[in-house]
Amino acid sequence: MDANALDLSRIQFAFTVSVHIIFPALSIGLASFIAVLEARYLITGKPHFKELCVYWSKVFAVGFGMGVVSGVVMAYQFGTNWSGFSSFAGPITGPLLTYEVMTAFFLEAGFLGVMLFGWEKVGPKAHFAATVLVAVGTLISTFWILASNSWMQTPQGFTIEHGHVVPVDWFAVIFNPSFPYRLAHMTMAAFIVAALVVAATGGWHLLRGRRDPEIKTMYSMALGLLLFLAPIQAFVGDQHGLNTRKYQPAKIAAIEGLWETEKGGTSLNLIGFPDMDKEETRYAIKVPHLGSLILTHSWDGEIRGLKEFPKEDRPNSSLIFWTFRIMAGLGVLMILTAFAGLLLRRRGALFETRWFQWLTVLMGPAGVVSLIAGWITTEAGRQPWVVYGVLRTRDAVSPLTAQSAGVSLLIFVVVYVLVFGTGVYYIVKLIRSGPGCAADRIAPPASVEVSGRRPLAAATD
């Protein structure tokens, strides 16, 4: 196995999963948002809620389609680039991914058509049921995918026989120690991604002068969801960090750029530049005891430094030190944005404050950036293990040459830029166009016959 082929295979999978995760996250959040909009339409009968349902369903459909295509590509890579992992861990990861297809994907695919095209073909309650089932399907999919990935982070409920894992307790496999935290963290991240995109869309059209109910409603709802979820996400992230410290202490040390175990209280490196060769964090700005307060919830809590772990078992601190800070820093900005919106709402200036509308537009991509940074942190922080403490990444890769891995990576980059770049372009185009104004639509007079044979009869004066 060529070492360069291993690195190229890792880069390829990182690239494809980073592109993929954008679309499911957006779909998960938008599906529930659309279900809430439709519920409000059924309760109030106000047409702008239906208009928003139809509009955001278009964005959801594009994101869902892009997510399915990119997800299939990732599944193939388990066989082409990571056959060692598939052979070793297939008895557990294979059934978990199968459960996802059978319980979630079939549910989503089965009712997606009714949700998108059934407004005039089924009754209101039946259509709402289809929308809810699609939203539930996205959440079930999240459950199984996070169960599989979390087992790779904190594996349990298995034995190893003849070079393969054998499940002995499926409950322990699924509900492994990190699963509840990772499931909650990812689900809320998806809702936050969608909320920021919806808020950015509303902010953009407010800046352009629109003040119709569609724009105000989606802007207000998105900021309200962000105000509710962003602080909770910070709490869940804190609990996830405590869990990671217990089960993956080397990852925590790498995230913090901590090399020595400090007795009597651990400082927090606010910024710095970890050097894996020199085993130090250069130009670090430290805050005494803050690391202990955050990571142990005590003044003098002890955190193990990277030097306590063999060099071959250390994650790359130079990378995840900064990806974690990007994620956390953007999270703080999200909380500040949400509370600024609350203050403006109370003053009655939410829809008229241009600087805040520009802020929401600029924060639109923040959820996606934070999401990708978080996934890099958790996945690169697991290295050099693909199944933590059980299977090393170098033993999971297929017997490839650097040339074949490099060519496939190049092809992926070109194709992804063309295919998914087009998808993103179309989503941005939909966002720029915005929802139609339901109140401004004028129905044709009842006395005028409107049919396929006389299409111009629908034109008004």
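Modeller: Let's start with burial: buried means under 20% relative accessible area, exposed over 50%, and partly exposed in between, using a 1.4 Å probe and protein chains only. Helices (H or I, at least four residues) and strands (E, at least two) are DSSP runs, numbered from the N terminus. This is a predicted model, so local features need pLDDT of at least 70 and side-chain atom pairs count only at pLDDT 80 or more, while totals for chains, interfaces and linings use all residues. Residues are numbered from 1 along each chain as its sequence is written, and side-chain values use heavy atoms, leaving out hydrogens and water.

Biologist: Let me try that on helix 12. Why can we call helix 12 largely enclosed by the rest of the structure?

Modeller: Because 12 of its 15 residues are buried. Among them are Ala-366, Gly-367, Leu-371, Trp-375 and Glu-379. From first C-alpha to last, helix 12 reaches 21 Å, close to the 21 Å expected at 1.5 Å a residue. That expected span is 1.5 Å times one less than the number of residues.

Biologist: How do I read a nonpolar core?

Modeller: It's a set of buried Ala, Val, Leu, Ile, Met, Phe, Trp, Tyr and Cys residues joined through side-chain atoms within 4.5 Å. Here the largest one has 48 residues, and Phe-85, Trp-151, Met-334 and Leu-371 have the most contacts inside it. Helix 6 gives the most to this core, with 10 residues. Apart from it lies another core, of 45 residues, including Tyr-55, Phe-64, Leu-223 and Leu-430.

Biologist: Which residues does Met-334 touch, leaving aside neighbours within four places in sequence?

Modeller: Contact means heavy atoms within 4.5 Å. On that basis Met-334 meets Ile-192, Leu-196, Leu-226, Ala-230, Met-363, Ala-366, Gly-367 and Ser-370. Now go to Ile-192, in helix 6. Ile-192 is buried because its relative accessible area is 5%. Beyond four places in sequence, Ile-192 touches Leu-226, Leu-229, Ala-230, Gln-233 and Met-334.

Biologist: Is His-205 buried or exposed?

Modeller: Buried, with a relative accessible area of 1%. His-205 is in helix 6 as well. Setting aside residues within four places, the contacts of His-205 are Arg-210, Ile-215, Ile-431, Arg-432, Ser-433 and Gly-434.

Biologist: How do I look for empty space?

Modeller: You roll a probe the size of a water molecule over the atoms, and it shows where empty space is left. On a 1 Å grid over the protein atoms alone, a cavity is a set of points where a 1.4 Å probe fits but cannot get out, and a pocket is an open set with protein on both sides within 12 Å along at least five of seven lines; lining residues have an atom within 4 Å of a point. Points are joined across faces, edges and corners, and the volume is the space filled by probe spheres set on them.

Biologist: Which residues lie nearest the centre of the second largest pocket?

Modeller: His-185, Gly-237, Phe-324, Met-327 and Ala-328, out of 41 lining residues. This pocket holds about 1200 Å³ of space. Helix 6, helix 7 (213–247) and helix 10 (317–346) are among the elements that each supply at least two lining residues.

Biologist: How many cavities of 30 Å³ or more are there?

Modeller: There is 1. The largest cavity has about 30 Å³ of space, and its lining includes Glu-256, Thr-266, Asn-269 and Ile-303. Strand 3 (268–275) and helix 9 each give at least two residues to that lining.
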